[in-house]
Amino acid sequence: MIEKNGIVQSVEEIQGGIFILKVQSELIAEEAEPGQFCNIKVSDSLIPLLRRPFSICDVEDDIISFQFNLVGEGTKILSQKQNGDILNIIGPLGVGFNYSDDFENAIIIAGGIGAAPFPFFTKKLSIDKNIVSLCGGRTKNDVVNYKLENVVIATDDGSDGFHGNVVQLLESEINKYDKEKTKIFACGPNSMLRALSKFTIDNGYECEISTESVMACGFGICQGCNVEGVHSDRFLLVCKDGPVFNAKDVRL
Ligand SMILES: Cc1cc2nc3c(=O)[nH]c(=O)nc-3n(C[C@H](O)[C@H](O)[C@H](O)COP(=O)(O)OP(=O)(O)OC[C@H]3O[C@@H](n4cnc5c(N)ncnc54)[C@H](O)[C@@H]3O)c2cc1C
Ligand code: FES
């Protein structure tokens, strides 16, 4: 884990309310793994007080990218950054995706801005794995598929692609893949992750989910980001034990 002042390279709105922020930070770029996140101090003032956590979206040489949704004060400040601005960043943090085990097919399940960690993940995997990216949203405007491969879209209202949610899309597609050679990787809202975890556990698929929680420190000190573990009576910390967990290990 490194605390570093990064230099903003660009901020670009790629679709309504979704931004890509590129920051030069050589040391964080060197250490980063897909699924890890950074905790960003969005302003030099005390407002907002807390850092804001964002998944590492991509790494190109010494540049890290973040993909974020404009939701409140912190992301508004980030969206207005100028090239050359300095950002204090702690990262890379947490446990990322485990993609070293023996599978051939990676099925990415992304709900809305949950697509954020997958460009970097796709880059690491695409050399020797088959990747399909199932991207869902309430409407076509909520679907995010920036730098993803083999995209299949699902929308709740049927405005694009499969008419239904992304877990229902997975259920309709899953028979194309050999269960023993397939692993599922997901990020999105808790309701989606809950439905996905139930489906994958009931049907015997390996699945990792990237979870979210309100965070303060981002590295295990404040105990503010706990999630219920399945196998022990201790709570797990999203920032330190996660944010990526095996779907069998957490109760959302
Ligand atoms: C590990 C992790 C990775 C994330 N990755 C991404 C990402 O790649 N792209 C993205 O758009 N969003 C991501 N988020 C969510 C992102 O951190 C929040 O959207 C952001 O902090 C909102 O800040 P805000 O000031 O604009 O909104 P606020 O006005 O503060 O709040 C808007 C919403 O964001 C939530 N929120 C506020 N502060 C935090 C915080 N410190 N931690 C978590 N949630 C918070 C609030 O509960 C509320 O629902 C991630 C969250 C976590 C925990
Ligand atoms: S955010 Fe402080 S322990 Fe997780």
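Colleague: Where does Pro48 lie?
Modeller: This is a predicted model: local features need pLDDT of at least 70, side-chain atom pairs need pLDDT 80 or more, and totals for chains, interfaces and linings use all residues. Residues are numbered from 1 along each chain as its sequence is written, chains are lettered from A and ligands numbered from 1 in written order, and side-chain values use heavy atoms, without hydrogens and water. Helices (H or I, at least four residues) and strands (E, at least two) are DSSP runs, numbered from the N terminus. Pro48 lies in the loop between strand 3 (37–41) and strand 4.

Colleague: What is omega for the peptide bond from Ile47 to Pro48?
Modeller: Most peptide bonds are trans. The bond from Ile47 to Pro48 is cis, with omega near -5°.

Colleague: Which strand holds Pro92?
Modeller: Pro92 is joined to Gly91 by a cis peptide bond, with omega about -10°. Its place is in strand 7.

Colleague: What is the phi of Asn150?
Modeller: Asn150 sits in the loop between strand 9 and strand 10 (151–155). Most residues other than glycine have a negative phi. Asn150 is not a glycine, yet its phi is positive, about 45°.

Colleague: Which residues come nearest to ligand 1?
Modeller: A residue is near a molecule if one of its heavy atoms lies within 4 Å of it. There are 20 residues around ligand 1. The nearest are Arg52, Pro53, Gln67, Gly74 and Thr75.

Colleague: How far is a backbone N or O atom of Met215 from a nitrogen atom of ligand 1?
Modeller: A polar contact is a pair of N or O atoms within 3.5 Å. A backbone N or O atom of Pro53 lies 2.6 Å from a ligand 1 oxygen, and a polar side-chain atom of Glu212 lies 3.3 Å from a ligand 1 nitrogen. For the Met215 backbone atom and a ligand 1 nitrogen, the distance is 3.0 Å.

Colleague: What percentage of the area of ligand 1 does the protein bury?
Modeller: Accessible areas come from the Shrake-Rupley method with a 1.4 Å probe. Alone, ligand 1 exposes 870 Å². The protein buries 77%.

Colleague: Which element gives the largest share of the shell around ligand 1?
Modeller: Strand 4 (52–55), strand 6 (63–69) and helix 2 (73–79) give two or more residues each. The largest share, four residues, comes from strand 4.

Definitions and conventions: A polar contact is a pair of N or O atoms within 3.5 Å; within protein, one must be able to donate a hydrogen and the other to accept it, and residues adjacent in sequence count only if both atoms are side-chain atoms.
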